[in-house]
Amino acid sequence: MTVLTIQGLRSGYGRIEVLHDVAVSIERGQIVTLIGANGAGKTTFLKTISGLIRATAGTIEFEGKSIECLPPHKIVGLGLSLVPEGRAVLKRMTVMDNLRMGAFTRSDPDIARDIDAVFDRFPVLAERWNQLAGTLSGGEQQMLAIGRALVARPSLLLLDEPSLGLAPKFVTRIFQTLRDLKSEGKTILLVEQNARQALQVADSAYVLERGKIVLSGSGESLLNTPEVQETYLGQRAARSHGIRIPTFQVDGIA
Ligand SMILES: Nc1ncnc2c1ncn2[C@@H]1O[C@H](COP(=O)(O)OP(=O)(O)O)[C@@H](O)[C@H]1O
Ligand SMILES: [Mg+2]
């Protein structure tokens, strides 16, 4: 069953259009990734789905319902939660209060149980439940941001570059968490610059370049696509050895 269907999506800031005619579809239980360079429009894409930016054209259908005109809190209430870029935890609030914030659209009696489930998933947060979020390490803040999104009980979780800036052990931990969530039946849309790990974990994947989808396929097929290897995998390896290679153009491949 298709959870999210996006067609002909255009969006941007004022008169500047960032996303040009984007189409993406997500099946239940899948991890779908959107990879792209800095400035490609990945965050704009997630903000548009979440209702934080209005689409200027196109449709966003979530579980059969049009959401492109709904305000953000209604979209969260329907079961779509965003883990924003840069974590965006409330640094001067405690871990526990950050998690409670995740339940702001809920009024049922199971909130405490769901917060306990976050503590079971991330025991380090349980140890620090009364600590200010700003005193946590970057990796712990990312766990808290994911935990907060989970407390909203999403059927679709959107993550904006969750591995960015984290120490390698936390990157591994975050990708393992995504695999765990998938095995528990969650559907995930992951936006990443860390193309290799994102494609390894993804059932299907899209490449966004300057606001357009230029390639799509299974995660594995994109890992084996020469254009992706050169632009998104090879360049990273070259850079880590201090070698500069020019950006490869993959426009028109799609
Ligand atoms: N608030 C904003 N106002 C105007 N332009 C923006 C704003 N945020 C991002 N942009 C521009 O939109 C483009 C896409 O940005 P973004 O979606 O953040 O890319 P990514 O997340 O892929 O790095 C960039 O050219 C960026 O400069
Ligand atoms: Mg971004």
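**View 1. R128, with a relative accessibility of 24%, counts as partly exposed.** In this predicted model, E140 is by contrast buried, at a relative accessible area of 9%, because that value falls under the 20% limit for burial. The side chains of R128 and E140 meet in a salt bridge, with an N to O distance of 3.1 Å. Since R128 sits in the loop between α5 (123–127) and α6 (138–151) while E140 belongs to helix α6, the pair ties together parts that lie 12 residues apart in sequence.

**View 2. A network of salt bridges is built around shared partners.** Across the model, the count of salt bridges comes to 13.

**View 3. E63 and R28 form a salt bridge in which the closest N and O atoms are 3.2 Å apart.** This pair links distant parts of the chain, as E63 is found in the loop between β4 (57–62) and β5 (65–66), whereas R28 is found in the loop between β2 (16–27) and β3 (31–35), 35 residues apart. E63 is partly exposed, with a relative accessibility of 31%, and R28 is likewise partly exposed, with a value of 39%.

**View 4. R10 is paired with E17 through a salt bridge.** The closest N and O atoms of R10 and E17 are separated by 2.8 Å. R10 has a relative accessible area of 30% and is partly exposed, and E17, with a relative accessibility of 31%, also counts as partly exposed.

Notes: Residues are numbered from 1 along each chain as its sequence is written. Chains are lettered from A and ligands numbered from 1 in the order in which they are written. This is a predicted model: local features need pLDDT of at least 70, side-chain atom pairs count only at pLDDT 80 or more; totals for chains, interfaces and linings use all residues. Side-chain values use heavy atoms; hydrogens and water are left out. A salt bridge is a side-chain nitrogen of Lys or Arg within 4 Å of a carboxyl oxygen of Asp or Glu. Buried means under 20% relative accessible area, exposed over 50%, partly exposed in between (1.4 Å probe, protein chains only). Helices (H or I, at least four residues) and strands (E, at least two) are DSSP runs, numbered from the N terminus.
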